[in-house]
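Subject: Structure handover

Dear colleague,

Please find the structure below, with notes on what was found in it. The notes follow directly after it.

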Amino acid sequence: MRDGRLAIIMLGPPGAGKGTQARMMSEALNIPHISTGDMLREALRNRTELGKKAQSFMESGALVPDELVDAIVVERLGREDCSQGFILDGYPRTIAQARFLQSLFETNGARMLSIGIEVGDSVLINRLSARWTCSKCGKMFNAVMDPGKIGGQCDECGAALVQRKDDTTEVIAERLQVYHTTTRPLIRHYQEQGSYVEINGDRSVNDVFDTIIGVVKSRTNG
Ligand code: AMP
């Protein structure tokens, strides 16, 4: 791993738009988008040991134990495509994970920026229950606001749209609860480090994106 990599951490509740924004940022900044949720879902689909261990936690909306998630992050950040930087989406989610990540940066060095996308719970619940995701490329759609041009298919790659198993009313409630009690305290943690910027996520995808890119440029070019 090289020193001085750009480490962008996307913070915010489920449904805030972290994944959508991280995908767009990844393209604009040419650094990989690393989603622990996507990696865990892939492990589940492939029925790996990790997938088997993570399944019950994910299906109930609970967090997967830190040591399992930390291990997949270390492995992923060690790959060559992360040498210039990376965007973490959905990690860290606990103070212990944040400390673990910090210890990696202390060893290898990184310029860190944490971006918190803020959206109120009622908007999040509506968004998550209407969320459909492309089964191939991961692009997200909203059954009400942005259903896609061809019913049930991804506009970009044509694959079928699927609804996540944890986007059900009960599991959404649990995930929001976990966010407020366990993940939200990370905001304070990153504020104290001086690396936190908050963005209003209750706006159009493009408006949020423009704001984020402006922040990234002003924080990293200076
Ligand atoms: P996400 O796609 O980020 O909403 O993550 C989906 C689910 O994967 C979460 O509800 C957790 O069960 C699990 N997960 C993803 N990232 C983490 C993490 N950093 N720590 C613990 N569990 C995670």
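Pro 92 sits in the loop between strand E3 (85-89) and helix H5 (95-108); helices (H or I, at least four residues) and strands (E, at least two) are DSSP runs, numbered from the N terminus. The peptide bond that joins Tyr 91 and Pro 92 is cis, with omega about -5 degrees.

This is a predicted model, in which local features need pLDDT of at least 70 and side-chain atom pairs count only at pLDDT 80 or more, while totals for chains, interfaces and linings use all residues. Residues are numbered from 1 along each chain as its sequence is written, and side-chain values use heavy atoms, with hydrogens and water left out.

Ligand

The ligand is surrounded by 16 residues, the closest being Thr 36, Arg 41, Ala 62, Gly 90 and Gln 97 (a residue is near a molecule or strand if one of its heavy atoms lies within 4 Å of it). Helix H2 (residues 36-45) supplies the largest share of this shell, four residues. By class, the shell has seven nonpolar, four polar and five charged residues; here Ala, Val, Leu, Ile, Met, Phe, Trp, Tyr, Cys and Pro count as nonpolar, Asp, Glu, Lys and Arg as charged, and the others, Gly among them, as polar.

- Gly 90: a backbone N or O atom lies 2.8 Å from a nitrogen atom of the ligand.
- Arg 93: an N or O atom in the side chain is 2.9 Å from a nitrogen atom of the ligand.
- Gln 97: a polar side-chain atom lies 2.9 Å from a nitrogen atom of the ligand.

On its own the ligand has 470 Å² of accessible area, and the protein covers 95% of it. Accessible areas come from the Shrake-Rupley method with a 1.4 Å probe; for residues, only the protein chains shown count as cover.

Buried positions

Asp 167 is found in the loop between strand E7 (161-162) and H7. Asp 167 is buried, with a relative accessible area of 6% (buried means under 20% relative accessible area, exposed over 50%, partly exposed in between, with a 1.4 Å probe and protein chains only). Its side chain makes a polar contact of 2.8 Å with the side chain of Arg 175. A polar contact is a pair of N or O atoms within 3.5 Å; within protein, one must be able to donate a hydrogen and the other to accept it, and residues adjacent in sequence count only if both atoms are side-chain atoms. Neighbours within four places in sequence aside, Asp 167 is in contact (heavy atoms within 4.5 Å) with Leu 128, Ser 129, Arg 131, Ile 172 and Arg 175.

Val 216 belongs to helix H9 (residues 205-220) and counts as buried at 2% relative accessibility. Leaving out neighbours within four places in sequence, Val 216 is in contact with Ile 8, Met 25, Leu 29, Leu 113 and Ile 115. The C-alpha atoms of Val 216 and Gln 97 are separated by 23 Å, and the two residues are 119 residues apart along the chain.

Thr 133, in strand E5, is buried with a relative accessible area of 14%. Apart from neighbours within four places in sequence, Thr 133 is in contact with Gly 138, Lys 139, Met 140, Ala 160, Leu 161 and Val 162.

Exposed loop positions

Lys 136 is in the loop between strand E5 (131-134) and strand E6 (140-142) and counts as exposed at 66% relative accessibility. Not counting residues up to four places away in sequence, Lys 136 touches Cys 157 and Ala 159. Lys 136 and Ala 159 are 23 residues apart in sequence and 6.0 Å apart in space, C-alpha to C-alpha.

Asn 30 has a positive phi of about 60 degrees although it is not a glycine. The residue lies in the loop between helix H1 (18-29) and strand E2 (33-35) and is exposed, with a relative accessible area of 68%. Arg 47, another residue other than glycine, has a positive phi near 50 degrees. Arg 47 lies in the loop between H2 and helix H3 (49-60) and is exposed at a relative accessible area of 66%.

Helix packing

Helix H7 (residues 169-183) and helix H8 (residues 185-193) pack at about 35 degrees, their axes 5 Å apart. Axes are lines fitted to C-alpha atoms, for helices over the stretch in contact, and angles run from 0 to 180 degrees between N-to-C directions. In H7, Tyr 179, His 180, Thr 181, Thr 182 and Thr 183 meet Pro 185, Leu 186 and Ile 187 in H8. By class, this contact has four nonpolar, four polar and no charged residues.

Regards
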